[in-house]
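Please have a look at the view below, then read the points in order.

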Amino acid sequence: MKKLLLSFRIAALGLLVSTMTFFGCTKSTPTETTTPKPMVNPTNGSEVNAAKQPGTHCFAFKDGNHSIEGRLELTAGNEVVGTLKGHQIDEATGTDNMYDTSFDGSLQGDSLKLNVLSSATGNKEKTNQTWVWKKEGLQEGEHLLLSVSCVN
């Protein structure tokens, strides 16, 4: 009976932690590392060309404590929809910041004209942005996200 009760408590604790993490109720410290399931395979970015063909395209950026992974769907009509997931550790405060961005719009030549919704630490912001689709990847603001293989 004690073994069953201990198993139930461990399962309940796991469910509570998962729920809190999902709803952003946890605070990370510099000693904790969070490893979300990757959307991309950043190890083979040099092997992938960012050709503007209809289908799924993935991109990645990594610089020190800042990383971004992205997935973009391009239709035959040049309509675009996608997501970015970012992670940055602020060394000054030790804060572990994660953010999500969703976007939709159209590809016009090399330019992606997008409606962007960014969400970070409970704050949401809608903007219109133009990103550039280059041979090696996507230029999103100051970040060049290299083209990489997608993980299903």
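This is a predicted model: local features need pLDDT of at least 70, side-chain atom pairs count only at pLDDT 80 or more; totals for chains, interfaces and linings use all residues.

**Notes on the aromatic pairs and the core**

1. How many aromatic pairs does the structure hold? There are two. In one of them, the ring centres of F59 and W133 are 6.1 Å apart and the planes stand at 85°, so this pair is edge-to-face. Because F59 belongs to strand β2 and W133 to strand β7, the pair ties together parts that are 74 residues apart in sequence. W133 is buried as well, with a relative accessible area of 3%.

2. The other pair is formed by F103 and W131, with ring centres 4.9 Å apart. Their planes lie at 65°; since the cut-off for edge-to-face is over 60 degrees, this pair is edge-to-face. F103 sits in strand β5 and W131 in strand β7, 28 residues apart, so distant parts of the chain are linked. Are these two residues buried or exposed? Both F103 and W131 are buried.

3. Now look at what surrounds F103. Beyond its neighbours within four places in sequence, F103 is in contact with residues including L72, V80, L84, L114, V116 and W131.

4. Finally, the largest nonpolar core has 16 residues. Among those with the most contacts inside it are F103, W131 and W133, along with L72, V80, L112 and L138. Which strands supply at least two residues each? They are β2 (55–63), β3 (66–74), β4 (79–90), β5 (95–108), β6 (111–120) and β7 (123–133).

Key. Residues are numbered from 1 along each chain as its sequence is written. Side-chain values use heavy atoms; hydrogens and water are left out. A nonpolar core is a set of buried Ala, Val, Leu, Ile, Met, Phe, Trp, Tyr and Cys residues joined through side-chain atoms within 4.5 Å. Buried means under 20% relative accessible area, exposed over 50%, partly exposed in between (1.4 Å probe, protein chains only). Helices (H or I, at least four residues) and strands (E, at least two) are DSSP runs, numbered from the N terminus. Contact means heavy atoms within 4.5 Å. Rings of Phe, Tyr and Trp (its six-membered ring) pair if their centres lie within 6.5 Å; planes under 30 degrees apart count as stacked, over 60 as edge-to-face and the rest as tilted.
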